[in-house]
Amino acid sequence: MSDSPYLYDVTQADFAERVLARSQDVPVLVDFWADWCGPCRMLAPVLHKLAEDYGGKLIVAKVNSDAEQALAAQYGIRSLPTVKLFRNGAVVDEFMGVQPESQIRALLDRHIPRESDAVRETALATWRAGDAAKAEALLRQALEDDPGNDKIAPDLAQVLLASGKADEAEQVLRGLPANRIEDADIKRLLASVHFARLVANAPDADALKARLDTAPDDLETLELLAARWILEGHYEAGMDALLQIMRKSRKYNDDAGRRGLLAAFELLGNDDRVTPYRRQMFNLLH
């Protein structure tokens with residue numbers, strides 16, 4: 001066993017102290033293993049390296065499942081190796097089998113505090129207090145200092161969107177790893193970018209409504225009004241307007257009604273309001 005202070009054996013007798021209690025202060029990664037388990041021996045040096053690399057921000061505790069059968073049974077261990085991450089006395093994540101170091105790091109980084117997270121919190125508090133410029137500067141610096149923290153870019157994008165900087169918000173989001181861009185929260189932000197870019201220099205909703213009253217077939221005004229409504233949270237009104245554009249002209253602005261509806265669906269996610277509009281769009285397409 002390593003003499004590292006960040007990696008040690010645990011048993012039923014000291015599990016409560018060295019895992020449950022310790023996890024109140026720092027994440028504890030518990031490796032359930034056995035001597036006969038070949039994959040366990042493959043995983044062990046990876047976990048040892050991670051314990052050292054995180055330098056006290058992570059503890060790796062090893063449980064010999066043969067010697068500690070009651071403990072293994074308590075945590076439902078059915079195959080080896082099984083690795084469980086404890087935080088604040090409870091299991092918050094886990095994996096089974098040998099995993100690449102990069103994948104284990106990605107799991108750990110969801111739970112291990114980073115210095116840039118404190119900057120994020122300060123920046124968001126500053127933004128809520130009304131100083132968007134200072135919040136933007138803090139988040140840009142945090143992103144430069146810790147580009148691997150993929151929670152910073154969405155925060156920065158939200159501040160930029162609120163400041164009317166839709167193009168910059170999209171640039172920040174597109175800089176994320178490809179797999180992160182596919183996450184629902186990023187897709188929602190990109191959908192907001194679509195609508196924010198449309199209304200960047202547009203009149204407010206009341207002015208657009210007045211314009212539309214005098215020219216009901218003005219599809220550009222209708223598209224701008226739909227974007228305004230959606231950004232203001234009037235989703236049904238916005239989607240009704242986009243359906244109207246689809247009915248009037250599929251050719252207008254590269255099928256703007258359909259593209260706008262797809263962005264609205266991304267923005268709303270699994271909201272029940274999406275289903276009837278998705279059905280109506282499908283009927284118009286077919």
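The buried residues of helix α15 pack against α13 (235-248) and α14 (256-268), where contact means heavy atoms within 4.5 Å and buried means under 20% relative accessible area (1.4 Å probe, protein chains only). This is a predicted model, in which local features need pLDDT of at least 70, side-chain atom pairs count only at pLDDT 80 or more, and totals for chains, interfaces and linings use all residues. Residues are numbered from 1 along each chain as its sequence is written, and side-chain values use heavy atoms, with hydrogens and water left out.

**Helix α15**
- Val274, Tyr277 and Met281 are buried in α15.
- They cover an arc of only 75 degrees around the axis, which puts them on the same side of α15; the arc is that of the directions from the helix axis to the C-beta atoms.
- Helices (H or I, at least four residues) and strands (E, at least two) are DSSP runs, numbered from the N terminus.

**The sheet**
- An open sheet of mixed pairing is formed by 5 strands in the order β1-β3-β2-β4-β5; two strands pair if DSSP finds at least two bridges between them.
- At the edges stand β1 (7-9) and β5 (90-96), each with a single partner strand, so one side of each lacks a neighbour in the sheet.
- Strands β1 and β3 (residues 59-64) pair in the parallel sense over 3 bridges.
- Asp9 stands opposite Lys62 in β3.

**Helices on the sheet**
- Helix α2 (residues 38-53) packs on the sheet, touching β1, β2 (28-33), β3, β4 (82-87) and β5.
- Helix α4 (residues 101-109) also packs on the sheet, touching β2, β4 and β5.

Key: Buried means under 20% relative accessible area, exposed over 50%, partly exposed in between (1.4 Å probe, protein chains only). Axes are lines fitted to C-alpha atoms, for helices over the stretch in contact, and angles run from 0 to 180 degrees between N-to-C directions.
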